Amino acid sequence: MRRWNGWGDEATVVELPVHGEAFLAELIGPGQVLADASLDQVLSQVPASRLPVHPLVSQDAEVRVRHARGQSLPDWLAMRSGEFGVFPDGVALPQTAAQIRELLAWAVQHDVILIPYGGGTSVAGHINPQASDRPVLTLSLAHMSALLEVDDDSLIATFGPGANGPQVESQLRARGYTLGHFPQSWELSTLGGWVASRSSGQQSLRYGRIEQLFAGGKVETFAGTLDIPSFPASAAGPDLREVMMGSEGRFGIISEVKVRITRLAEQENFYAVFMPNWQQALAAIRQLAQARVPLSMLRLSNAIETRTQLALAGHPQQIAWLEKYLTLRGAGDGKCMLTFGVTGNRAQNAASLKQAKRLLKGFGGVFTGTLLGKKWAENRFRFPYLRHGLWAAGYAVDTLETATDWSNVDNLLNKVEASLRDSLAAEGEPVHVFTHLSHVYGEGSSIYTTYVFRPGNSYEAAMARWRRLKHEASQTIADNRGTISHQHGVGRDHAPYLAAEKGELGMAALKALSTHFDPEQRLAPGVLLGQ
Ligand SMILES: Cc1cc2nc3c(=O)[nH]c(=O)nc-3n(C[C@H](O)[C@H](O)[C@H](O)COP(=O)(O)OP(=O)(O)OC[C@H]3O[C@@H](n4cnc5c(N)ncnc54)[C@H](O)[C@@H]3O)c2cc1C
């Protein structure tokens, strides 16, 4: 069963290894454990619903709790402290586009606010109800998850918007296909959510981001149904897919999604290479991307992330041997771990591997074979569960991400890391910060930074620390030519920084679209546009 106050399935438990805890204690001090609220305590706070009765709407208190928050750190603190603040007045679970349209009409009739809800994995405050005079209805697409049609000639599949990662892949794999979209939230996030928040999967190098995968579909809006046909390419004016991608529920409810699919590959392997230092590593992956070496995944950890990963990996004896071997081969203290994948038929993979190895060797890379790559593939969706292990040991963890041109990657990365490291200096509190680059392009890269800090002695203190950290890093991104989000979207948390990127005219154009599709501003007010 899905956890009500954290990540993923209750049956999966990932603890912090003992030496991992010692590693963090040495860096930022012993953990500070805060008491968790129980589900009963939270249920007792849920007020009576303000909605009239409707057959598609549940007013059950637990259902409302389970749809009240996403997965950002403030969401985590709310769920753990039991201080949710606001709950939706009800949760609707339509099964058809006609039922979505019925709910939209009902919302107008009863003056209701609507929050479209996919998998609830938002990390930017997208789906949290806000205090309002109008009742709030969360509209979950969970019951619209079927594969509706496959066009085998064109390799286009049509799905309900609520299909989550496993539902998408299992239905496609049964027919010999894959979508190839694997965000780390894959277990729970949905097609509609990926489109609405412009998601990027771990193998975007081969399959593309959702922008490349989303072929068309249907969107239910207060102004009618928008039908976006699929074309291989079109010069017929601005592309309406682009308008809907990243609309974050503000323009309408995506009720059908067409995606471009790929035949399952014959073979897929992942490998790890240790680069002697950051500058060599950076130059190497830039060349890999610009030479278009056909890799399916590439992830480069900086030296401190590499050290952290090795410390948290368990098996200290084996890690010590590995480190000794790497030092002998020239990858010592400042080494950076690079993981990459090849996906395709055997001949293609052999050629890609040869090309990548030759290029990386030229930059001093030490190739370690498939073992670490296999471990990465096995554990690729387990990392989010570690948040529980860290929390139980008294540490809070959060991530943030941006993207910028190659000429600015190093500068922005260093500034973001420094802003986080220094954010709590006034209270003498250290923060452990580390980064990887995991989506690389010819012209630049995403930058994904993780920060671990102690929550302090109360939930209020933890939230105040997070606010400071988040603001300092977000302002640094906005001031230094980074996008406020490469893959997590805008939601509420990034909305104050969006205008720095879009400009006044751009913001006005987005607002005009929102009022065109939703004249009474019922859909997720405050999300994306900040009002
Ligand atoms: C542990 C973890 C790891 C993550 N890793 C990644 C990653 O690797 N890559 C990545 O891109 N993201 C990642 N994310 C962020 C998140 O998973 C993505 O933003 C994802 O696309 C959200 O999908 P969802 O279905 O959960 O949407 P939700 O969180 O439910 O909603 C997100 C937004 O989309 C809107 N929305 C959802 N469905 C619809 C619909 N049918 N019609 C209209 N609007 C809709 C909502 O109103 C909301 O504004 C991660 C999150 C977590 C918690």
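**View 1. Arginine 380 over the face of phenylalanine 182****.** In this predicted model, arginine 380 lies 4.9 Å from the ring centre of phenylalanine 182; a charge sits over a ring if NZ of Lys or CZ of Arg is within 6 Å of the ring centre and within 35 degrees of the ring normal. Local features need pLDDT of at least 70, side-chain atom pairs count only at pLDDT 80 or more, and totals for chains, interfaces and linings use all residues. Residues are numbered from 1 along each chain as its sequence is written, and side-chain values use heavy atoms, with hydrogens and water left out.

**View 2. The charged end of lysine 357 over the ring of phenylalanine 367****.** The distance from this charged end to the ring centre is 4.1 Å.

**View 3. The tilted aromatic pair of phenylalanine 182 and tryptophan 186****.** The structure holds 10 aromatic pairs (rings of Phe, Tyr and Trp, the last by its six-membered ring, with centres within 6.5 Å; planes under 30 degrees apart count as stacked, over 60 as edge-to-face and the rest as tilted). In the pair of phenylalanine 182 and tryptophan 186, the centres are 5.9 Å apart and the planes make 55 degrees.

**View 4. The stacked pair of tyrosine 451 and phenylalanine 453****.** The ring centres lie 6.1 Å apart, with 20 degrees between the planes. Tyrosine 451 counts as buried because its relative accessible area is 0%, and phenylalanine 453 is buried at 0% relative accessibility.

**View 5. A cluster of Trp76, Trp391 and Tyr459****.** Ring pairs link these residues.

**View 6. An open sheet of five strands****.** The strand order is β5-β6-β10-β8-β9, with antiparallel pairing (at least two DSSP bridges between two strands; strands are DSSP runs of E, at least two residues, and helices runs of H or I, at least four, numbered from the N terminus). The edge strands β5 (147-151) and β9 (224-228) each pair on one side only. Neighbouring strands are turned by 10 degrees against each other on average, direction ignored (axes are lines fitted to C-alpha atoms, for helices over the stretch in contact; angles run from 0 to 180 degrees between N-to-C directions). Six bridges join β8 (residues 214-221) to the antiparallel β10 (residues 253-260), and valine 219 stands opposite isoleucine 254 in β10.

**View 7. Helices α5 and α6 against the strands****.** Helix α5 (residues 97-109) packs on the sheet and touches β8, β9 and β10 (contact means heavy atoms within 4.5 Å); its direction makes about 40 degrees with that of β8. Helix α6 (residues 165-173) lies across β5 and β6 (156-159) and runs at about 135 degrees to β6.

Technical notes: Buried means under 20% relative accessible area, exposed over 50%, partly exposed in between (1.4 Å probe, protein chains only).
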